[in-house]
Amino acid sequence: MHTIALLPLDDRPACARLPAQIAAVAGARTLVPPAALMPRLREPGDADGLGKWLEATARSADAAVVSLETLGHGGLIASRTRATTVAQVAARWEVLRRIAAPVHGVTLVTRTPDSQDAMEEPEYWDPHGPALHRLSAALHRAEERGEPDGLEAARKAVPQEVRADFARRRLRNHALNLTALELAAEGVFESLVVGADDTAPWAVATAELRQLGLWRTRLEADERVAVRPGADEATSTLVARTLLGLLDAGPVTVRIEAADASGLDQVAPYENVPVGRTAAGQVEACGAVLQDDDADLVLLVHTPDGDGDWATGPLSKRHAAAEGTAQALAERAAAYVREGRAVAVADCAQPNGADPLLTAALLRTGTAHRLTAYAGWNTAGNTLGTVVAHAVTAVAARRAGRFDERAHLDLLAHRFVEDHGYMTRLRAEVRAGLGSVPGRHDHVPEDHPARARLAAGLGAYAARLPGFRARVDPGSVHLPWHRTFEVDFDVRTAAHRPVEEPTA
């Protein structure tokens with residue numbers, strides 16, 4: 001069994017559990033630090049202790065996948081909220097030079113969300129977050145286009161001491177990302193992902209990401225370093241890349257398609273490049289290869305439609321064209337599956353949940369349980385990274401004779417239950433019952449009755465999934481950060497696929 005030492009961004013399921021689920025598809029396992037060392041929401045982890053754990057654990061592992069924010073700061077949120085210096089973080093990163101196994105790392109460009117919620121940001125984000133988001137866009141426009149109009153007003157809308165701290169934090173983050181590129185150029189990393197979450201076409205994060213991409217090219221590190229939108233899924237993409245090397249099954253080729261090819265030119269919410277470029281970047285991050293003809297895997301992208309956000313409230317009634325697009329994508333997936341092709345579906349129509357039109361069409365055509373991968377959660381980058389990582393791992397594992405059918409079906413069912421059953425449907429009901437404020441995180445006490453409602457709702461959804469024979473363990477359902485934004489649970493499926501052919 002291949003073993004990967006994993007130092008995740010934090011303890012959320014998307015960061016710590018999902019990479020393990022992907023590894024299991026190839027019969028591999030991940031080793032994670034003890035909970036006592038890990039961060040817990042705004043409380044940083046023990047960065048020095050995590051470095052010692054990584055060095056010791058990597059000695060017996062085939063490879064290491066490392067969040068540089070966790071190694072250097074003690075966690076992703078700590079990297080945004082604590083005043084750790086560049087020198088302190090760089091010193092902690094020196095442990096990477098002492099690891100003999102291949103190291104795959106991820107580092108992130110700090111976000112500037114358009115929100116007053118300060119749960120994951122410096123405390124001054126409430127109330128200055130939206131003004132900082134506007135200042136970020138004004139700075140980028142002034143620098144990129146020489147358009148100073150609006151910059152002075154944007155500056156005046158934010159207190160000087162807040163602006164100063166905001167700029168210093170960004171400077172430290174950028175210096176550290178350049179340091180990570182230098183380590184990659186030196187060969188310390190087998191591969192490095194430079195990601196950015198919750199950004200926009202006009203934002204200082206977008207400018208910084210572009211600058212880092214230029215330095216990647218100057219250092220001639222394009223094959224070793226991927227620069228693209230996304231964050232929480234990054235350790236999963238690196239686990240997939242690691243497994244491609246360990247399985248030694250040859251390159252995995254990917255063809256990207258959409259029901260309407262022009263949709264790949266759309267920029268999804270919280271991102272700064274067209275979704276087609278995001279998809280290509282995730283393929284690159286996973287170590288797979290883009291190919292138009294006779295590819296091993298067809299990646300079908302349900303492209304952004306601008307019809308809302310499942311985290312901020314139920315969507316409005318959908319138009320007929322949206323239903324037609326969803327049905328066309330599901331029918332294309334079904335046709336490829338009947339041909340015996342490996343097919344993955346990335347639902348990027350709306351952020352923070354799955355499009356119910358597409359989910360219904362996939363289930364109706366009998367295609368859902370026959371897919372090689374599926375996801376529809378949070379940002380387009382999160383979704384695409386998850387789908388590509390799962391899919392390329394499955395393709396390579398089958399080729400190498402290491403494919404675990406049960407683990408694959410469990411992960412596939414998990415994504416439908418979480419992304420559609422919870423994010424699109426159940427979460428809004430629970431938040432309404434709690435009286436949660438739209439656009440802000442809530443808090444759910446350990447003994448709140450909403451937790452029992454979650455277990456019942458997720459179990460009922462899983463039981464109705466055709467083809468999977470799935471069951472959610474009610475005792476496993478919990479809210480890792482005591483909020484409704486994310487949920488964790490165990491789902492188990494039948495060991496083998498049903499043999500009946502899907503119907504159109």
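Q: How many aromatic pairs does the structure hold?
A: Four aromatic pairs. Keep in mind that this is a predicted model.

Q: Why is the pair Tyr374 and Phe416 called stacked?
A: The ring centres of Tyr374 and Phe416 are 4.0 Å apart, with 10° between the planes. Rings pair if their centres lie within 6.5 Å, and planes under 30 degrees apart count as stacked. So Tyr374 and Phe416 pass on both counts.

Q: Which parts of the chain does the pair of Tyr374 and Phe416 link?
A: Distant ones: Tyr374 is in strand E11 (residues 373-375) and Phe416 is in helix H15 (residues 405-434). The two are 42 residues apart.

Q: What makes Tyr374 count as buried?
A: Its relative accessible area is 1%, and buried means under 20%. Tyr374 is therefore buried.

Q: Why is the pair of Phe416 and Phe468 called tilted?
A: The planes of Phe416 and Phe468 are 50° apart. Stacked needs under 30 degrees and edge-to-face needs over 60, so an angle in the remaining range counts as tilted. The centre-to-centre value for Phe416 and Phe468 is 5.9 Å, and the limit for a pair is 6.5 Å.

Q: What does the pair of Phe416 and Phe468 tie together?
A: Phe416 lies in helix H15, while Phe468 lies in the loop between helix H16 (450-463) and strand E12 (471-472), so the pair ties together parts that are 52 residues apart in sequence. Phe468 is buried too, with a relative accessible area of 1%.

Q: Which residues do ring pairs link into a cluster?
A: Tyr124, Trp125 and Phe166.

Q: How do you know that the charged end of Arg218 sits over the ring of Trp215?
A: The charged end of Arg218 is 4.7 Å from the ring centre of Trp215. The distance cut-off is 6 Å, and there is an angle limit of 35 degrees from the ring normal as well. Arg218 is listed as sitting over the Trp215 ring. Arg427 likewise lies over the face of Phe485, at 5.4 Å from the ring centre.

Q: What makes E2 and E6 edge strands?
A: Six strands form an open sheet with parallel pairing, in the order E2-E1-E3-E4-E5-E6. Strand E2 (29-31) and strand E6 (225-229) each have a single partner strand, so one side of each is left without a neighbour in the sheet. From one strand to the next, the twist averages 20°.

Q: How do you know that strand E1 and strand E3 pair?
A: Count the bridges: four join strand E1 (residues 3-7) to strand E3 (residues 63-67). Pairing takes at least two, so E1 and E3 qualify. The two strands run parallel, and the bridge partner of Ala5 in E3 is Ala64.

Q: Which strands does helix H9 lie across?
A: Helix H9 (residues 204-218) lies across strand E4 (103-109), strand E5 (191-196) and E6, at about 165° to E6. Helix H11 (residues 275-285) lies across E5 and E6, at about 145° to E6.

Q: What makes E8 and E11 the edge strands of the five-strand sheet?
A: That open sheet has the order E8-E7-E9-E10-E11, with parallel pairing. Strand E8 (289-290) and E11 each pair on one side only.

Q: How do you know that strand E7 and strand E9 pair?
A: Four bridges join strand E7 (residues 253-257) to strand E9 (residues 297-302). At least two are needed, so E7 and E9 make a pair. In E9, Leu297 is the bridge partner of Val254. Helix H11 turns up here as well, lying across E7, E8 and E9 at about 170° to E7.

Q: Why is Gly49 called buried?
A: Gly49 has 14% relative accessibility, and the cut-off is under 20%, so Gly49 counts as buried. Gly49 is found in helix H2 (residues 47-58).

Q: How do you know that Cys15 is in no disulfide?
A: The nearest cysteine sulfur, that of Cys286, is 15 Å away, whereas a disulfide needs sulfur atoms within 2.5 Å. For Cys286, the closest cysteine sulfur is in Cys348, 14 Å away, which is too far for a bond. A search of the whole structure finds zero disulfides. Cys15 counts as buried at 0% relative accessibility, and Cys286 counts as buried at 0% too.

How values were computed:
Residues numbered from 1 in each chain as written. Predicted model: local features only at pLDDT ≥ 70, side-chain atom pairs only at ≥ 80, totals over all residues. Heavy atoms only, no water. Axes fitted to C-alpha atoms, helices over the stretch in contact; angles between N-to-C directions. Contact = heavy atoms within 4.5 Å. Buried < 20%, exposed > 50% of the residue type's maximum accessible area, 1.4 Å probe, protein only. Phe/Tyr/Trp six-rings, centres within 6.5 Å; stacked < 30°, edge-to-face > 60°.
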